[in-house]
Amino acid sequence: MSHKAGFVNIIGNPNVGKSTLMNAFVGERLSIITSKAQTTRHRILGIVNGDDFQVILSDTPGIIKPAYEMQESMMNFVKSAFEDADILIYMVEIGEKELKDDAFFNKIIHAKIPVLLLLNKIDTSNQEQLEEQVTFWTEKVPNAEIFPISALQDFNVKEVFARIIELLPLSPPFYPKDALTDKPERFFVNETIREKILINYSKEIPYAVEIVTEEFFEDEDIIRIRSLIMVERDTQKGIIIGHKGAALKKVGMESRADLEKFFGKQIHIELYVKVNKNWRSNANMLKRFGYNQ
């Protein structure tokens, strides 16, 4: 058997570029990319297929110290990434010195599988700083191969991917060879709407929001979508809707534009907002939204 396949799991602190990297590998925008931290809440698989390989990439939430139950669940997704990885990508950015969790860092430096340490955002540094960082991480994570990259500028990304294929174990594919991800269409509708909320609102609003797509009807030429935006307080509902509904309308228009590109079809989308008090600390709600599996 000459076919290779395996799970390549990406971990690191919030906002170091994990989602940008996975989307660069896959060639599709599967994960939210914004300048705000904690944008990835779930573990998202992106699948890259070749004639003789299948790379199953896993984007995970940024490592944080959990403050409430939803964040505990997010960190459980990170823990699971250690358990099934064939290759571990530990992503850091220029100037970073530590992981926000000592237990996770200990797992990285004692990993029995190949570890690729990607030093991201090198386009923001100079040669002297880059050399200092490579020396620092070589001493800090001696079991890792270090690759300076810029995921945003696509620098050294192809070289990292080529190394991944070299390291993959021999295996038949785990998913159909035309698969792009393990997530259903509604998941990407939810993530697209949530991304627009992250971009258009400030302070606590984006982090108090969850999206539920209640209707997804696909015809030959159009997809009709009805999605609920869940918030925790009445004041948040008012902010989401905005004056005469203008803010919510903007989210709908921007979401529709991205979803039409993603699905390649005309989109009709309806959004409405509902208050569900303290849903981020409600175990039943978290299970419904796919956090507590």
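## Burial and surface

Of the 293 residues in the protein chain, 50% are buried (under 20% relative accessible area; exposed is over 50%, partly exposed in between; 1.4 Å probe, protein chains only). The chain exposes about 13,900 Å², and carbon and sulfur atoms supply 50% of that area (Shrake-Rupley method, 1.4 Å probe).

## Model and confidence

This is a predicted model: local features need pLDDT of at least 70, side-chain atom pairs count only at pLDDT 80 or more, and totals for chains, interfaces and linings use all residues. Residues are numbered from 1 along each chain as its sequence is written, and side-chain values use heavy atoms, without hydrogens or water.

Mean pLDDT (the predictor's confidence in each residue, from 0 to 100) is 80 for the protein chain. A value of 70 or more is reached by 81% of its residues. Residues 32-42 fall below 50. That stretch still has 58 contacts in the model beyond near neighbours in sequence (contact: heavy atoms within 4.5 Å).

## Overall fold

The protein chain holds nine helices and nine strands (DSSP runs numbered from the N terminus: helices H or I, at least four residues; strands E, at least two). Take the contacts between residues at least 6 apart in sequence: 72% join residues at least 24 apart.

## The six-stranded sheet

Six strands form an open sheet in the order E2-E3-E1-E4-E5-E6, with mixed pairing (two strands pair if DSSP finds at least two bridges between them). E2 (44-50) and E6 (144-148) are the edge strands. Each has a single partner strand, so one side of each lacks a neighbour in the sheet. The twist averages 25° from one strand to the next.

Strand E4 (residues 87-93) runs parallel to strand E5 (residues 115-120), paired over six bridges. Met91 has Leu118 in E5 as its bridge partner.

## Helices H7 and H8

H7 (residues 234-241) packs against H8 (residues 246-263) at about 65°, with the axes 5 Å apart (axes are lines fitted to C-alpha atoms, for helices over the stretch in contact; angles run from 0 to 180 degrees between N-to-C directions). Ile239, Ile240 and Ile241 of H7 meet Ala246, Ala247 and Leu248 of H8. The contact comprises six nonpolar residues, no polar and no charged.

## Glu232

Glu232 lies in the loop between strand E8 (222-231) and H7. Glu232 counts as buried because its relative accessibility is 7%. Beyond neighbours within four places in sequence, Glu232 contacts Ala208, Val275, Asn276, Lys277, Asn278, Trp279 and Arg280.

Conventions: Nonpolar A, V, L, I, M, F, W, Y, C, P; charged D, E, K, R; others polar.
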